[in-house]
Amino acid sequence: MKILVIGSGGREHAIVWKLHQSKKVDKIYCAPGNGGISELAECVPIKVMDFENLVSFAKENQIDLTVVAPDDPLVAGAVDAFQAAGLKAFGPNKAAAIIEGSKSFSKDLMKKYRIPTADYEVFENSADAISYIKAQDKYPVVIKADGLALGKGVIIAQDFPEAETAVHDIMDDKVFGAAGGRVVVEEFLTGPEISVLAFTDGKTMRPMVSAQDHKRAFDNDQGLNTGGMGTFSPSRIYTPELEKECMENIFLPTMEAMNKEGRTFKGVLYFGLMKTPDGVKVIEYNCRFGDPETQVVLPRLKTDLSEIFEAVCDERLDSIDIEWEDNAAVCVILASGGYPQKYQTGYPIEGIKQAESMGAVVFHAGTKRENNVFLTNGGRVLGITATGENLDDAIQTAYQYVDMIHFQDVHYRKDIGIKKNQ
């Protein structure tokens, strides 16, 4: 097989890395890719939203399967563009990807089909949203931009002035661009979070092993929200009983709800969950592999990923067994100093080969390669993944690898996976 992977981050590197292990895959292209991906795949300088040139490339190079990994092209209809050209593409079509593309759509879906989630209201203008928040007078309160905002469009306001500022920032000042055309105001839920990704072809739902992301920039969940500073798998609290509850109350009902809406979902559906005193509730849906969750989930996958992708595309997911390693994985993100705000790039990175020689799996997120030297080229630079018999082993090993890698102003959290009650 010849496969094209669309995207340029750590998630895409993990997908390429896993596909590279398949005996069925002869050649992998990645558009646009990054420095690390270039060691495993031929990087093609086409942007993720340039559907016309991506489709032309796939036709000219006789690509057997295209994997659309990021949210923006999925929500904009990349899979539809490939399918219209008679090409096989993995990922939800535009009609299904709205489950991530519009938070108000996903909240209304959950309300209609009684899928457990936080109480909420949707607003088209800032004055109405602010009046509602003032009348409710319950804090903290969660304020979300309706559209895609790179995982950062959620603000937890501790009091009315913070909430008012957040609404103005999102709706009037458009700090998240067009994503802030509407806002969702949600009740604040408490409890540990769990991420579960699932393969689905619209008829069968196959959850992957559980994971947990650390969104905040600094230790002890302090600082601004980021795209994710590290992950571990499995979740410490995701018991077989909890999995059964989620399957019955959330996973299967979501698949069936999308079918009933005429928006059959085929691809990876990401469930952001919270274990509350009232049971597990959905915090958010994503229409694709999570980042950096993918960097701990795929290293635990035993089954050929290309076979799973094909089974989903062909709607025969029920015909294959998906097997997982009985182990644990941890990924620590090395970020540029100042991320998620202002940061500098272009610094040389040292120690990657040394860490890899000791067993580290280094996923590149924001790097470029010049004269055989890797340079920083983004906010999140590298994801350092280690596996172990259990989480404590994997955590210890991951940080041993982290100590081997250096670049100017490197910033990372030192507590990934540490809390025992998560």
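This is a predicted model: local features need pLDDT of at least 70, side-chain atom pairs count only at pLDDT 80 or more; totals for chains, interfaces and linings use all residues.

Student: What makes β1 and β2 a pair?
Tutor: Pairing requires at least two bridges between the strands. Six bridges join β1 (residues 2–7) to β2 (residues 27–32). Therefore the two strands count as paired. They run parallel.

Student: In what order do the strands of the open sheet lie?
Tutor: The order is β3-β2-β1-β4-β5, five strands with parallel pairing.

Student: Why are β3 and β5 called edge strands?
Tutor: Each pairs on one side only. β3 covers 42–43 and β5 covers 89–90.

Student: How many helices and strands does the chain have?
Tutor: There are 13 helices and 23 strands.

Student: How do you know whether the radius of gyration agrees with a compact globule?
Tutor: Set the value against the rule. For 422 residues, a compact globule would have a radius of gyration near 22 Å. The chain has 21 Å, so the value agrees. The C-alpha atoms fill a box of roughly 60 × 45 × 45 Å along the principal axes.

Student: What share of the residues counts as buried?
Tutor: The cut-off is under 20% relative accessible area. Of the 422 residues, 57% count as buried.

Student: What share of the contacts with a separation of 6 or more comes from residues 24 or more positions apart?
Tutor: Such residues account for 68% of those contacts.

Student: Why is Asp 137 called exposed?
Tutor: Exposed means over 50%. Asp 137 has 54% relative accessibility, so it counts as exposed. Asp 137 sits in the loop between α7 (126–136) and β7 (141–145). Its phi is near 55 degrees, a positive value in a residue other than glycine.

Student: And why is Lys 174 called partly exposed?
Tutor: Lys 174 has 38% relative accessibility, so it counts as partly exposed. Lys 174 also has a positive phi of about 55 degrees, although it is not a glycine. Its place is the loop between α8 (160–172) and β9 (183–187).

Student: Which residues does the cis peptide bond with omega of about 20 degrees join?
Tutor: That bond joins Asp 291 and Pro 292. Pro 292 is in the loop between β17 (279–286) and α10 (294–297).

Student: What is omega for the cis bond from Tyr 339 to Pro 340?
Tutor: Omega is near 15 degrees. Pro 340 lies in the loop between β18 (328–336) and α12 (352–357).

How values were computed:
Residues are numbered from 1 along each chain as its sequence is written. Side-chain values use heavy atoms; hydrogens and water are left out. Helices (H or I, at least four residues) and strands (E, at least two) are DSSP runs, numbered from the N terminus. The radius of gyration is taken over C-alpha atoms; the globule rule is 2.2 Å times the number of residues to the power 0.38. Buried means under 20% relative accessible area, exposed over 50%, partly exposed in between (1.4 Å probe, protein chains only). Contact means heavy atoms within 4.5 Å.
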